[in-house]
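Subject: Structure handover

Hello,

Here is the model you asked about. My notes on what turned up follow below it.

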Amino acid sequence: MTDFFKAILFLNYGLLLSIILLGAAKYRILNNKEKQYFHCIAFLFFIELVNLVLPYIFNLNDTSFLYPLYIAGEFFLVTALFIRKLELPKYLLGITALLAAAFMASKYRFDYPFNSDIVKVISNIIIICLSGFALLREIKGASTQNRFLLVDACIFFYYSVSVFIFIIQHQIANLSENDYYIILSANNILSSILYCSFLYTFIKLKK
C-alpha cells in the first residue's frame, strides 16, 4: 500500500507540473475570472514543491508547519474564485482574507486551534457551498462562463468527498499503518481526478 501511495503521489506531482506549464502557456487567453483557476493551482503547486524540496534537499522531515499556510491559502483563493464568479459583494473577499489571516496568526502565534483539521473541514464546507451554487447556475445556463464547468464539478466532488474522508478518519480511534495509507491514497486519487479536469480544460481552451 505504501508503494501505491507513492505512485499516486508522484503521479499528482507530474499532473501539477503539466498543468502549470500548460496553464502558463494559455494564461493570456484566460479572462480575469478564469485566471483565478490558474492562481489556485499555482498555489497548490508551490505548497507541494516546498513540501517535496524540504525533506529531500534540506533534510527537513517535519513540514507540518506548512499545513496552516496551505489551509488558509487554499480557502482564500478558492472562495475568492467563486465569489468573483458568482459576482457576490466584493466585501466578502475582504472577509475571507481576514478569516484566512486570522487563522494563520492564531495557529502560528498561539497554536490555536490545536487540531487544524477542524478548520480544514469548515473551510471545505464553505467551498462546497460556493462551488455547488456556481455549478447549479452554470448547469441552468444562468452563467455565461462555462469553459471551466468540468473543473467546477470536480472541485465540488473533491471537497465533498474530502470532508467525508476527514470525518471518517477522525471517527476511527486507532488507524493501522495500512488503513492510514489507504485513506491518504483515496484522497490522492481524488486530487488526481481534479488535476486531470484542469489539464483537460487547459488543453481544450481556445481563444
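The largest pocket has a lining of 45 residues, and Leu 9, Glu 48, Asn 51, Leu 184 and Asn 188 lie nearest its centre. Its space comes to about 1,500 Å³. The model is predicted: local features need pLDDT of at least 70 and side-chain atom pairs pLDDT 80 or more, while totals for chains, interfaces and linings use all residues. Residues are numbered from 1 along each chain as its sequence is written, and side-chain values use heavy atoms, with hydrogens and water left out.

On terms: a pocket is an open set of points on a 1 Å grid over the protein atoms alone, where a 1.4 Å probe fits, with protein on both sides within 12 Å along at least five of seven lines; lining residues have an atom within 4 Å of a point. Grid points are joined across faces, edges and corners, and the volume is the space filled by probe spheres set on them.

Which helices supply the lining of the largest pocket? H1, H2 (32–58), H3 (66–85), H5 (116–139), H6 (149–171) and H7 each give at least two residues. H7 gives the most, with 10. Helices here are DSSP runs (H or I, at least four residues), as are strands (E, at least two), numbered from the N terminus. By class, this lining has 29 nonpolar, 10 polar and six charged residues. Nonpolar covers Ala, Val, Leu, Ile, Met, Phe, Trp, Tyr, Cys and Pro; charged covers Asp, Glu, Lys and Arg; the others, Gly among them, are polar.

The second largest pocket holds about 180 Å³ of space. Its lining includes Ile 71, Phe 75, Phe 103 and Ser 123. H3, H4 (91–110) and H5 each supply at least two of the lining residues. H5 has the largest share, four residues. This lining has nine nonpolar residues, one polar and no charged.

Next, the aromatics. Rings of Phe, Tyr and Trp (its six-membered ring) pair if their centres lie within 6.5 Å; planes under 30 degrees apart are stacked, over 60 edge-to-face, and the rest tilted. The count by this rule is eight aromatic pairs. Phe 10 and Tyr 13 have ring centres 5.4 Å apart and planes at 85 degrees, so they are edge-to-face. Both lie in H1 (residues 2–26), three residues apart, about one turn of the helix. Buried or exposed? Tyr 13 is buried, at 15% relative accessibility. Phe 10 is partly exposed, at 45%. The cut-offs are under 20% relative accessible area for buried, over 50% for exposed, and partly exposed in between (1.4 Å probe, protein chains only).

Phe 198 and Phe 202 form a tilted pair, 6.4 Å centre to centre with 35 degrees between the planes. Both lie in H7 (residues 177–204), four residues apart, about one turn of the helix. Phe 198 is buried, at 4% relative accessible area. Phe 202 is buried too, at 0%. Tyr 37, Phe 148, Phe 198 and Phe 202 form one aromatic cluster.

Leu 194 is also in H7. Its relative accessible area is 6%, so it counts as buried. Leaving out residues up to four places away in sequence, Leu 194 touches Val 151, Cys 154, Ile 155 and Tyr 158. Contact means heavy atoms within 4.5 Å. Leu 194 and Pro 113 are 81 residues apart in sequence and 29 Å apart in space, C-alpha to C-alpha.

Pro 113 sits in the loop between H4 and H5. The peptide bond from Tyr 112 to Pro 113 is cis, with omega near -5 degrees. Asp 111 is in the loop between H4 and H5. Its phi is positive, about 55 degrees, although it is not a glycine. Lys 107, in H4, is buried at 12% relative accessibility. Beyond residues up to four places away in sequence, Lys 107 touches Pro 68, Tyr 112, Pro 113, Phe 114 and Ser 116.

Glu 87 lies in the loop between H3 and H4. Its phi is near 55 degrees, a positive value in a residue other than glycine. Glu 87 is exposed, at 60% relative accessible area.

Regards
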